[in-house]
Amino acid sequence: MGVRHTITGSPVGDLTLVADGAALIGLYFAGHSRNPRLPSLGPRDDSGFCDVITQLDEYFAGARTTFSVELAPRGSAFELAVWHQLLEIPYGATRTYGQLAVALGDPGGAQAVGNANGWNPISIIVPCHRVVGADGRLTGYAGGLSRKRFLLALEEPPAEDLGRLF
C-alpha cells in the first residue's frame, strides 16, 4: 500500500491521517505548527483508515479512553523514547516535561523532552497534549493552545464522578 493519507473532520478541525501500510505514521491538525518530516504524505486514499477514524470519533464522543491503532512513528531513538513515555500518561492525567525527563533517566533533560514532544507526529493518539509546564500551565502545542485546552477538558471526569475519587 505504501504511504498514503486521508483527511477527516473532528471537533478540533480537519485532521490529516498518514499511514504506511497498516500502521499510522502521522496525525496532523490543519495549521499544524511543525511540518511533517515525511518526504511526502503520499496520495490521498481514504481506504484503510476506517478503524482509526472510528476510534477518534469514539474518543471525541467521550466513549474511548485508549486507542488500539498500530503506530509506527518515525524519529530519533530519543524522540521514540519520549513518545513512548507519552503513551504511558493515563487518560485525564497530565505530566510535566521534567517528570518525563526523570522517567527517561535524565532529570535535567526537560527542554530536550519538550523539543521531542513538539515533534510528535501522531497527535491525540500519542497524547502530547497531556504534557504541561512545571507550574502546571499549558505550554506550546503544535495544534495550538486552544486545541490543547479542548483535549484536556474533554478528558476531565464529569463533576459527578469527582466524588468517587475520594
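Student: What does buried mean here?

Tutor: A residue counts as buried when its relative accessible area is under 20%. In this predicted model, Tyr59 has a relative accessible area of 1%, so it is buried.

Student: Which aromatic residue does Tyr59 pair with, and how are the planes set?

Tutor: The structure holds four aromatic pairs. In one of them, Tyr59 and Phe67 lie 5.5 Å apart, centre to centre, with 45 degrees between the planes, and the pair is tilted. Ring pairs also build a cluster that links Tyr59, Phe60, Phe67 and Tyr91.

Student: Which face of a helix is buried, and how would I read that from α2?

Tutor: An α-helix has 3.6 residues a turn, so residues three or four places apart point the same way. In helix α2, residues 77-87, the buried residues are Glu79, Val82, Trp83, Gln85 and Leu86. Viewed down the axis of α2, these buried residues fall within an arc of 155 degrees, so they line one face of the helix.

Student: What do the buried residues of α2 pack against?

Tutor: They pack against α3 (97-103), α4 and β5.

Student: Where is Ile124, and is it buried or exposed?

Tutor: Ile124 sits in the loop between α4 (110-118) and β5 (131-132). Its relative accessible area is 1%, so Ile124 is buried.

Terms used. Residues are numbered from 1 along each chain as its sequence is written. This is a predicted model: local features need pLDDT of at least 70, side-chain atom pairs count only at pLDDT 80 or more; totals for chains, interfaces and linings use all residues. Side-chain values use heavy atoms; hydrogens and water are left out. Rings of Phe, Tyr and Trp (its six-membered ring) pair if their centres lie within 6.5 Å; planes under 30 degrees apart count as stacked, over 60 as edge-to-face and the rest as tilted. Buried means under 20% relative accessible area, exposed over 50%, partly exposed in between (1.4 Å probe, protein chains only). Helices (H or I, at least four residues) and strands (E, at least two) are DSSP runs, numbered from the N terminus. The arc is that of the directions from the helix axis to the C-beta atoms. Contact means heavy atoms within 4.5 Å.
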